[in-house]
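This report goes through one protein model, region by region. The sequence and the structure come first, and the notes follow.

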Amino acid sequence: MYINIRGGSRTQKKHVKSMVEFCVVKMMPRMQNLEFNISIRNFGKDDSYGYCIPNDNADERRPREFDIDLNKTVRLRRLLETVAHEMVHAKQFAREELYESTVKGKHRWCGKWLNKHPDYWDQPWEIEAHGRECGLFVQWAQHHKLGHYKWTHDK
């Protein structure tokens with residue numbers, strides 16, 4: 001596994017790398033040659049937390065290289081939950097659960113093409129990612145014995 005992180009503070013980089021490694025072990029333990037190019041940056045007026053897409057050079061069918069952008073202006077817990085969320089998307093792409101056609105502008109989810117583009121909160125890949133992000137974060141914190149208040153509460 002190769003993880004390249006650009007931007008962010010030393011603390012952000014350390015924890016982001018740790019979370020990526022944890023998520024790979026948890027969700028993609030047998031996958032080989034995974035590569036993550038991560039950019040921790042200020043998104044400006046974009047209020048999103050992060051993005052994950054297969055790298056342009058990745059195998060279109062079963063990508064193993066991913067570009068992940070993270071918004072560095074959020075609190076550390078939110079940043080790490082976002083890493084977990086984006087890693088769920090990496091797993092979805094790598095396991096061929098999610099495929100985005102740039103030509104057709106359509107999505108294929110679990111082998112079925114969607115006729116229309118559902119609202120963000122109704123997209124099945126987002127439902128899974130939002131559903132798993134907090135649990136992955138809590139498991140990561142417990143694994144690293146970071147279960148004290150700072151890591152388990154938003155405030």
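## Basis of the element names

Helices and strands are DSSP runs numbered from the N terminus, a helix needing at least four residues and a strand at least two. The model is predicted.

By these names, Cys110 sits in the loop that joins β6 (107–109) to β7 (112–113).

## Two residues with positive phi

Cys110 is not a glycine, yet its phi is positive, at about 50 degrees. The residue belongs to the loop between β6 and β7.

Glu96 is the other case described here. Its phi is positive as well, at about 60 degrees, and Glu96 is not a glycine either. Glu96 is placed in the loop between α2 and β5 (98–100).

Gln12 has a relative accessible area of 12%, so it is buried. Lys14 is also in helix α1. With a relative accessible area of 57%, Lys14 is exposed. The C-alpha atoms of Lys14 and Tyr49 are 18 Å apart in space, and the two residues are 35 apart in sequence.

The loop between α1 (10–27) and β2 (35–41) holds Arg30. Met31 is in the loop between α1 and β2 too. Are these residues buried or exposed? Arg30 is exposed, because its relative accessible area of 72% is over the 50% cut-off. Met31 is buried, because its relative accessible area of 18% is under the 20% cut-off. Met31 and Met1 are separated by 30 residues in sequence, and their C-alpha atoms lie 9.1 Å apart.

## A positive surface patch

Together with Lys26, Arg95 and Arg132, Arg30 forms a positive surface patch. Patch members must have over 30% relative accessible area and no salt bridge, and Arg30, at 72%, is exposed.

How many salt bridges does the model contain? The count is nine. Among them is the pair Glu81 and Arg77, whose closest N and O atoms are 2.8 Å apart. These two residues are four positions apart in helix α2 (residues 76–94), so about one helical turn separates them. Both Glu81 and Arg77 are buried.

Glu81 also forms a salt bridge with Arg78, and here the closest N and O atoms are 2.6 Å apart. Arg78 and Glu81 are three residues apart in helix α2, so about one helical turn lies between them. The relative accessible area of Glu81 is 6%, which means that the residue counts as buried. Arg77, Arg78 and Glu81 are joined with Glu133 in a network of salt bridges.

## The pair Glu97 and Lys91

Another salt bridge links Glu97 and Lys91, with 2.8 Å between the closest N and O atoms. Glu97 and Lys91 are both buried.

Lys91 can also be placed relative to Ala141. The C-alpha atoms of these two residues are 20 Å apart, and 50 residues separate them along the chain. Ala141 is part of helix α3 (residues 124–143). Ala141 is buried, because its relative accessibility is 1%.

## Met87 and Val24

Met87 is in helix α2. Its relative accessibility is 0%, so Met87 counts as buried. How many residues separate Met87 from Val24 along the chain? The separation is 63 residues, and the C-alpha atoms of Met87 and Val24 are 7.8 Å apart.

Terms used. Residues are numbered from 1 along each chain as its sequence is written. This is a predicted model: local features need pLDDT of at least 70, side-chain atom pairs count only at pLDDT 80 or more; totals for chains, interfaces and linings use all residues. Side-chain values use heavy atoms; hydrogens and water are left out. Patches are made of residues with over 30% relative accessible area and no salt bridge: like charges are joined within 9 Å, nonpolar side chains (Val, Leu, Ile, Met, Phe, Trp, Tyr) within 5 Å. Accessible areas come from the Shrake-Rupley method with a 1.4 Å probe; for residues, only the protein chains shown count as cover. A salt bridge is a side-chain nitrogen of Lys or Arg within 4 Å of a carboxyl oxygen of Asp or Glu. Lys and Arg count as positive and Asp and Glu as negative; His and the chain ends are not counted. The place of a charge is taken as NZ of Lys, CZ of Arg, CG of Asp or CD of Glu. Buried means under 20% relative accessible area, exposed over 50%, partly exposed in between (1.4 Å probe, protein chains only).
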